[in-house]
Amino acid sequence: MSLSWRMLARDWRAGELGVLGVALALAVASVTSVGFFADRVGRALARDAHQLLGADLVLVADHPWKKQVIEKISASGAKHAQALSFVSMALRGDASQLAGVKAVSQGYPLRGRLRIAPAPGAPDAEAQGIPPPGSVWVDERLVTDLGTGVGQKLRLGRQELEVAAVITLEPERSAGFFNFAPRVLLNLADVPATGLVQPGSRVSYFEYAAGSPEVVSRLQDELKKDLGRGERIETLETGRPEIRAAVERAQRFLGLTALLAAVLAGVAIALATRRFVERHLDGVAVMRCLGATQPRLLRLYAAEFAMLGAIACLLGAALGYLAQAGLGAALEGVLRADLPLATPWPALQGALVGVALLLGFALPPLVQLKNVPALRVMRRELGSPGAGAAASYAGGFVTLCALLVWQAGDSRLGAYVVGGFAVALVVFFVAAFLALKSLSRLRFARDLRRHLRANAVQTAALALGLTALLLLTFTRNDLVDAWRRSAPQDAPNRFLIGLQPDQVSPMKLFLAGKGISVPDIYPMVRGRLVAVNGTPVSEADYDDERARRLVEREFNLSYVDELPSHNAIAAGRWLDPGKAELSVEEGVAGRLGWKLGDELTFAVAGERFGARITSLRRLRWDSMKVNFFVIAPAKLLERFPASFISALRIEPGREAVVGELARRFPNVTVLDVGAMLREAQRLVDQLVHAVQFIFLFALAAGLLVLYCALGATEDERRREAAMMRVLGASRRQVARRSRAEFLAMGLVGGVLAALGAALIGELLARRVFEIDLPINAALWISGPLAGLALLSLNAWLSARKVLAAPPALTLRDSV
Amino acid sequence: MRSGAQELVILRDIDLEVTRGEALSVVGASGSGKSTLLALLAGLDTPSEGRVELDGQDLFALDEDARAALRGRAVGFVFQSFQLLPALTALENAMLPLELSGKGDPEKAAREMLARVGLAERLQHYPRQLSGGEQQRVALARAFVARPKLLLADEPTGSLDAESGEAVIRLLFELNRESGTTLVLVTHDESLAKRCGRSLRLAAGRIG
């Protein structure tokens, strides 16, 4: 053991373990940083479960709960409170701001705390009860945005309410990730006076219950049986599934990135160990001569690597801990919760990955050391490790694949990642091989032929690392820009939601009076999908999460007799105004499996109607105009209660019109699309900023692979250079030879990386964002330039090393 | 001893006995089979036919690991190309045999032995910082530090100039005498061969 320890110290001193240790530490760091972070978020969610729910049991529906349900809660002996929430405009003077309104009954919250302060920035205290009738409590952001203060008035719909306090902590929001509209909390009794709850308004209805575990579980069982469409129960166990799902998804993707770093590190470890083994063949032969048995040697080196592994894992875990602290800090704005300290468990997980990497990628070449015959001391050609050792890495590769699939959470995503990675490597290798081969026909790059295969491997590694870098720097920004630009210059930037039928004409007059071009105003009827071709439909029929959501919620149906100008018929023919027909958007039809000729049955306000699909429409979602999944002829839907919706453009500088509009039509909600986009982008930027840590790990690992790949041929280059010097080549000639080689590799690697980044960007643009990504010249210049710069640096360093030693010494060392 | 498919016979009809404390030189031209004989004596290579007994033990009745263990106990080596580990200092190179066998105090013994070969001032130097003669003296220290019964030397002066070669040889014989080691020295240098008690000439794989 102590001898292994001394060997470790000596090999470290000789600089032969540095890369290996760094690669291992990097892998562990990237895995643990994500692990620690996920652990903290998970524990925050568990800790705040009560706080998040505001009760032990929450019933949520998109319509008022039936009396029987409320009676059941009262009869069960549990504590009971009610709430409803919706978005609406909050007004003060000329200023208006979209607010998330929540109206609560006495007793709210049943669990967790509500904290308020008498003024922004003032010390807060636990709230006693709820806002008294006639008053509201608001988020600090609303105070700033509206320029209102505590004690002043604020208008919601038809009602003036007094701002009585500033909310500092609110249940159900402490871990709310996305917070577009600041909160206004009011007394449930004030809602009717505002006139904001009308047909067509999107309102969520909550019933809260809290009590002893037995009471709650009995109540839950009882209520679960009679749940209707659009109704669900949230408990501590299911609590806030959307947050949990978001966290899990984030963790999954971060974890995958981290594991990709680990895979790259594994490659680096394999390369570095191989080099280590090659450099130790002679020493091992001498040790065999001096009486070391094979098992002894294996034990010695295994112990040496185990100790190195342990140290690297410890350092990696520490580094991972630091990185996740940065991650947490960077995400503080998004994640509105203070995170508890991490448990040591993720460090163990990271160490496990470290061990897997060592066993999988360092052990196979290391085992070859024990097979070195002692006779090598006299006959040097004996015992060089065979090239066909690729099979021995199978174990490591399989382990890593298993880890990736496990991290991905589902085998298909895992397979995509593993496959994509493997394909990228192979494609880069083949492309690099072919490119270098054809370049080698040129006079100046003739030397490429000498190490064609090794050079192709190095170029592929370079391309992989650079691709990641280019994706992070160029493609990300290009995508965001293209997405932003994809909306036409004169695209609408405000949505008007919740117009009542009798407000349509006054609204048109109002807008015309303000010199704003009068937009199309569409009726909107909310209906549930009940059956397709006579067969009842439920969300359980669909696997796809988005399909389930579509089916579970109410559809916004519209009626017009003419095809809206920004829609196009993709299949079938436009509606016959006199018949029961439907025109559906082709994307939603595909998702839900609808075809031309299918009969859909919807339930609206307790009444059912059926109609056939006669056309599929193609929409431009980025037109920012009002779009509907399902459109019917007016005749079919006119008799149902409808609200109206429109999109219009308010030129910059004329925002005051919005305030006036909100005062004239207090029940109408004005959504500022630009502000929402900006908010979404701020969030995305924050997220990207935070996860860059993890990508940096992957990048560093990629560079390590490159470094190792270059190191693998360094000894040979050094010998060749020495030989050339002996044969009379000048230092300049030697340097020029390797420079041409490196530059060609840098160029090819850089071009491949730009190609890879552009391809992935294009794929994302087409498939995810559905936009066109313009060609970015900067990407195509930067990729090759970065490749050239990196390998020029390497060529310079290598030439210095290669030429530093007198040729005789180099040759003598290598005999 | 045969090698390859074509029955290339390297050594044949060798019958040789070396007694304890004796110094034997093996001379012959390149390719005469001297190095192969040395490898066989050390148990580094196995013969297609024949036996080698070391200290009453049949070498080839043992497996390779047992032979290695025996080497560790009883045999020291000096090579033409020194075979020092480049990443280790002079001191660490000399400590290696005792470290591997786990006997005694490797550092103390190695220091003493390096002082004996005149390198007390160069303990922390790496092989590449030492001259050829110095490197071979480190190799001598490494060979004698474990007090082997048998020392096998393969052209110990082959890579050295005349002067440092002579110094190394003088040291080799001195150490050999002091520790009563049996010495088998392979060389093509006739004058060096004559300084051993007995000399053996190999030609085309036979004792000539």
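Two strands count as paired if DSSP finds at least two bridges between them. Helices (H or I, at least four residues) and strands (E, at least two) are DSSP runs, numbered from the N terminus. What you're looking at is a predicted model, where local features need pLDDT of at least 70 and side-chain atom pairs count only at pLDDT 80 or more, while totals for chains, interfaces and linings use all residues. Residues are numbered from 1 along each chain as its sequence is written, and chains are lettered from A and ligands numbered from 1 in the order in which they are written.

Let's start in chain B. Here you'll find an open sheet of six strands, in the order 6-7-8-3-9-10, with mixed pairing. Strand 6 (75-78) and strand 10 (206-207) of chain B sit at the edges, each pairing on one side only. Strand 3 (residues 23-27) and strand 9 (residues 198-203) of chain B run parallel, joined by four bridges. B:Leu24, for instance, has B:Arg198 in strand 9 as its bridge partner.

Now for where the chains meet. The contact (C-beta atoms, placed from the backbone, within 7 Å) takes 24 residues from chain B and 22 residues from chain A. On chain B's side, helix 1 (34-41), helix 2 (64-74) and helix 3 (90-101) each supply at least two residues.

Finally, hop over to chain A. A:Arg553 lies in the loop between helix 15 (545-552) and strand 15 (555-559). Leaving aside residues up to four places away in sequence, A:Arg553 touches A:Asp62 and A:Gly230. A:Arg553 and A:Glu231 are 322 residues apart in sequence, yet 9.5 Å apart in space, C-alpha to C-alpha.

How values were computed:
Two residues are in contact if their C-beta atoms, placed from the backbone, lie within 7 Å.
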